[in-house]
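Here is a short report on one protein model. Look at the structure first, then read on.

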Amino acid sequence: MKVIQDIDIKDKKVFFRVDFNVPLDELQNITDDSRIRAVLPTLRYALDHQAKLIVASHMGRPRGKVVPELSLGLVAKRLGRLLEKEVIVANDCVGPEVNQLVSKMKVGDVVLLENLRFHQEEINNDDTFAKALAELCDVYINDAFAVSHRINASVAAITKFAPVSAAGFLLQKELNYFEQAMSAPMRPLVAIIGGAKVSDKLGALENMLEHVDKFIIGGSMANTFLYCSGLDVGKSTVEADLKDVACAVMKMAAEKNIKFYLPVDVVVASRFDPKAEAKIVPVQEIPPEWMALDIGPATSLLYSEVMYDAKTIIWNGPMGVFEMDAFSRGTTAMVHSIANSYALSIVGGGDTDVAVHKSGETSRITYLSTGGGAFLTLMEGKTLPAVAALNATT
Ligand code: ADP
Ligand code: MG
């Protein structure tokens with residue numbers, strides 16, 4: 001895979017595909033600009049190397065139509081402040097006006113194209129659209145790790161048409177950290193898998209079986225494993241149809257001598273509601289009408305002991321319904337255990353990322369990924385389609 005440092009970008013029009021899909025509140029304020037900050041090293045490098053910067057991103061899910069609330073105008077302002085430079089916003093990402101704007105660019109100029117997903121062709125990985133984007137530039141740089149699991153025009157098809165294609169620093173960093181943890185990890189290597197569904201994470205579980213020394217399970221996933229261990233989990237969410245699959249994963253882990261940790265206690269609630277009555281019970285005593293919404297304190301303590309001994313940790317998926325305060329303690333405790341460990345820790349996942357930010361421990365995690373789906377794809381042991389597209393050009 002070509003990387004930006006291998007390419008002469010002086011005086012060149014360089015197209016940066018980034019992920020500026022930042023969260024906004026109801027007043028359209030950016031609530032977290034980490035995604036913009038994450039690509040600053042790449043953009044600053046390009047400015048230092050006297051390039052012309054064309055920056056492109058998506059925002060939200062406009063489904064191929066212009067949705068004014070999903071314009072990148074506000075993002076341009078924030079980017080301008082962070083770069084301490086004027087950022088010119090294009091009124092679209094392709095078309096005659098954009099071509100004209102780009103043709104007049106001087107070295108050091110920064111143009112932010114409008115939301116790529118205002119065009120359905122982006123999602124459809126359309127060749128004509130990808131070609132139109134590619135024709136804006138001399139060099140194409142993918143620095144959008146978080147979208148690199150998607151087969152979209154601006155990360156996949158575009159590499160067929162751009163004169164040169166390469167990876168930016170963020171994409172390189174994401175891939176390198178993950179590779180470091182998987183190919184020759186310091187052991188014990190512990191994978192912590194939580195979150196909503198076994199079905200979402202099955203590929204990751206199966207691939208991780210080939211690598212890890214220990215598995216730690218939390219979240220609503222754990223219910224399915226407890227259920228297949230023969231426990232009654234009451235009204236907890238269970239994927240009953242995956243009982244056999246979950247059993248097979250545990251059996252495989254046992255055969256490979258992988259330590260497999262399940263919760264020993266849980267926080268149960270009478271309903272799925274932040275105000276619901278809640279209590280802590282051993283997993284053997286989940287009342288029939290109640291549901292498990294978080295791991296319990298004994299489990300947090302048990303898991304923290306495993307973290308203490310770990311040398312490499314990969315974590316995806318919250319331990320409970322962390323969005324509700326009453327069921328957030330297991331996830332927060334997990335963040336602290338990882339932060340306090342001596343391990344190289346790599347954490348990823350859309351909701352997991354939110355949980356880590358909420359706990360204020362971002363700086364004590366070795367590497368917090370900017371990817372959700374892309375991170376999970378790496379955990380599944382697959383090559384990201386956008387990375388394959390970059391590789392195909394070299
Ligand atoms: P990520 O986005 O980090 O990959 P997931 O999307 O798989 O994580 O899972 C996060 C979701 O799982 C959260 O919305 C959380 O509320 C939910 N969740 C976690 N534990 C439970 C539980 N015990 N019961 C119901 N939902 C849960
Ligand atoms: Mg999620």
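## The ligand and its pocket

Ligand 1 takes up the space of the second largest pocket. The model is a predicted one. Around ligand 1 stand 18 residues. The closest are Ala 196, Lys 201, Glu 323, Asp 351 and Thr 352.

What classes of residue make up the shell around ligand 1? Polar residues number 10. Five residues are nonpolar, and three are charged.

## Where the shell comes from

Find three elements in the structure: helix H9 (219–228), strand E12 (291–295) and helix H13 (350–359). Each of them supplies at least two residues of the shell around ligand 1. Which element gives the largest share? That is H13, with three residues.

Now look at the atoms. The side chain of Lys 201 has an N or O atom 2.7 Å from an oxygen atom of ligand 1. Lys 201 is also among the closest residues to the ligand. The side chain of Asn 316 places an N or O atom 3.2 Å from an oxygen atom of ligand 1. Ser 220 uses its backbone instead: an N or O atom there lies 3.2 Å from a nitrogen atom of the ligand.

How much of ligand 1 does the protein cover? On its own, ligand 1 has 580 Å² of accessible area, and the protein covers 84% of that.

## One sheet: E3 to E6

Turn to the strands. One open sheet has six strands, in the order E3-E4-E2-E1-E5-E6. Their pairing is parallel. Strand E3 (88–89) and strand E6 (165–167) are the edge strands, and each pairs on one side only.

Within this sheet, strand E1 (residues 13–17) runs parallel to strand E2 (residues 52–56). Five bridges join E1 and E2. Lys 13 stands opposite Lys 52, which belongs to E2.

## Another sheet: E9 to E15

Another open sheet also has six strands. Here the order is E9-E8-E7-E13-E14-E15, and the pairing is parallel.

Strand E7 (residues 189–193) and strand E13 (residues 312–316) run parallel, joined by five bridges. Ile 193 has Asn 316 in E13 as its bridge partner.

Note on methods:
Residues numbered from 1 in each chain as written. Chains lettered and ligands numbered in written order. Predicted model: local features only at pLDDT ≥ 70, side-chain atom pairs only at ≥ 80, totals over all residues. Heavy atoms only, no water. Near = heavy atom within 4 Å. Polar contact = N/O pair within 3.5 Å; in protein donor to acceptor, adjacent residues only side chain to side chain. Areas by Shrake-Rupley, 256 points an atom, 1.4 Å probe, with all protein chains shown as cover. 1 Å grid on protein atoms, 1.4 Å probe; cavity = no way out; pocket = protein on both sides within 12 Å on 5 of 7 lines; lining within 4 Å. Sits in = over half its atoms within 2 Å of the grid points. Helix = DSSP H or I, 4+ residues; strand = E, 2+ residues; numbered from the N terminus. Nonpolar A, V, L, I, M, F, W, Y, C, P; charged D, E, K, R; others polar. Pairing = 2+ DSSP bridges.
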